[in-house]
Amino acid sequence: MRNFMILTLIIAAVVMASGEFSTGGAELLKFKGYVISTFNTYGEEDADPDNGFNVLATIEWYPRLNDWVDAKIAFKSQPTKYTGSFEDLSLTTEDITINMHFNDVATFTMGHFKRPFGHCYTRSGSSMYFRDRALLAGTFGDFGKRDIGANVGLDFGVADIDLAYTNGAGDNEPEDDSHKSFTARAVIEPVDGIQIAGAFGSYTENADSTGETSISATAMDFYTVVDQSLSETVELSFVGEYMMIGEPMEDDSDWTDANGYAVTLLANFDLDGNMLQAVRPAIRYENNSPGYTGDDPENDEGAIDFCLNADLYSSKNTVQIGMRNYTFQSEDEDGYTDMYFGWRMKF
């Protein structure tokens with residue numbers, strides 16, 4: 001927490017000294033971020049504690065050199081799930097990138113960033129309809145999440161393409177062997193309000209301590225986003241995503257890849273009131289099937305989320321009231337339900 005306060009004071013001092021601060025312009029000092037505070041009740045048997053508060057804050061800095069070169073530096077402060085005291089807050093670095101915009105089509109990025117794999121993870125945390133990301137975001141293994149490397153982004157209007165070449169070591173980790181990870185994604189928008197996307201990832205690692213042989217695996221991700229306006233004040237949104245996740249194994253192994261899917265339906269009601277400006281009820285159903293060797297162990301897991309989002313006084317000030325019911329195929333695990341009240345402010 002002390003480190004986070006020091007960082008905030010330093011940024012504030014620089015802003016006041018320069019006289020340049022913007023939340024939507026193109027000046028050198030441009031900041032954005034969000035703060036989320038929640039009260040949670042945990043339904044898992046013998047959960048300790050069975051309820052508690054949580055808080056996280058993210059601040060992103062976008063220094064801009066000129067029309068062609070800019071950067072992004074992002075920090076997050078968040079306690080662990082079951083410790084809500086401010087003394088337990090830790091400051092971590094998320095994105096650190098330098099971006100070269102050659103023209104309106106091509107952008108070259110180097111640094112630490114989210115690999116272009118998984119809509120449920122690459123979307124901004126400030127735009128989530130639920131407290132938690134989909135279960136899929138926790139099953140990426142070596143194919144998704146942040147990594148250190150380079151990315152080429154191509155924007156052709158109706159299609160966006162990303163090609164990333166990274167260390168493959170994962171979040172904030174330096175290169176630990178000679179292998180790399182390759183990730184590619186294409187997003188097509190045939191008409192306004194509809195996106196169809198597919199992503200591919202490959203990963204290689206040493207098969208043993210000698211480093212003389214290696215094994216590799218691949219993963220694929222597909223998703224669709226549909227935003228449909230029913231009237232000037234009502235909009236329906238649908239998100240469907242399916243993943244297949246491989247595991248580095250010998251070619252002759254009897255391995256079945258993990259797979260999972262998530263389906264989200266959202267209704268947005270624009271009320272434009274003095275206090276209550278918008279209401280967005282959302283529901284999500286998801287299922288994960290872990291990879292296995294031999295016979296199916298029948299250990300799938302699933303979840304049903306429901307959350308009511310309400311914008312109070314501003315579209316950047318949202319309260320969330322929701323619940324998440326976990327289900328398990330295994331008879332040895334009992335399902336349970338978590339409930340929460342959250343408050344998110346974006347700036």
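A salt bridge is taken here as a side-chain nitrogen of Lys or Arg within 4 Å of a carboxyl oxygen of Asp or Glu. Side chains of opposite charge can pair when their charged atoms come close. The model is predicted: local features need pLDDT of at least 70, side-chain atom pairs count only at pLDDT 80 or more, and totals for chains, interfaces and linings use all residues. Residues are numbered from 1 along each chain as its sequence is written, and side-chain values use heavy atoms, with hydrogens and water left out.

A search of the whole structure found 15 salt bridges. One of them joins Glu-94 to Lys-76, with 3.6 Å between the closest N and O atoms. Glu-94 lies in strand β4 (residues 90-101) and Lys-76 in strand β3 (residues 69-78), 18 residues apart. Strands (E, at least two residues) and helices (H or I, at least four) are DSSP runs, numbered from the N terminus. Glu-94 and Lys-76 are both buried. Buried means under 20% relative accessible area, exposed over 50%, and partly exposed in between (1.4 Å probe, protein chains only).

Strand β4 also contributes Asp-95. Its side chain meets that of Arg-146 in a salt bridge of 2.8 Å, N to O. Arg-146 sits in strand β6 (residues 146-155), 51 residues from Asp-95. Both partners are buried.

Arg-324 pairs with Asp-132 at 3.6 Å between the closest N and O atoms. Arg-324 is in strand β17 (residues 317-328) and Asp-132 is in the loop between α2 (119-122) and β6, so the pair ties together parts 192 residues apart in sequence. Arg-324 counts as buried because its relative accessibility is 3%. Asp-132, at 24%, counts as partly exposed. Salt bridges with shared partners join Arg-131, Asp-132, Arg-284, Glu-286, Asp-305, Arg-324 and Asp-338 into one network.
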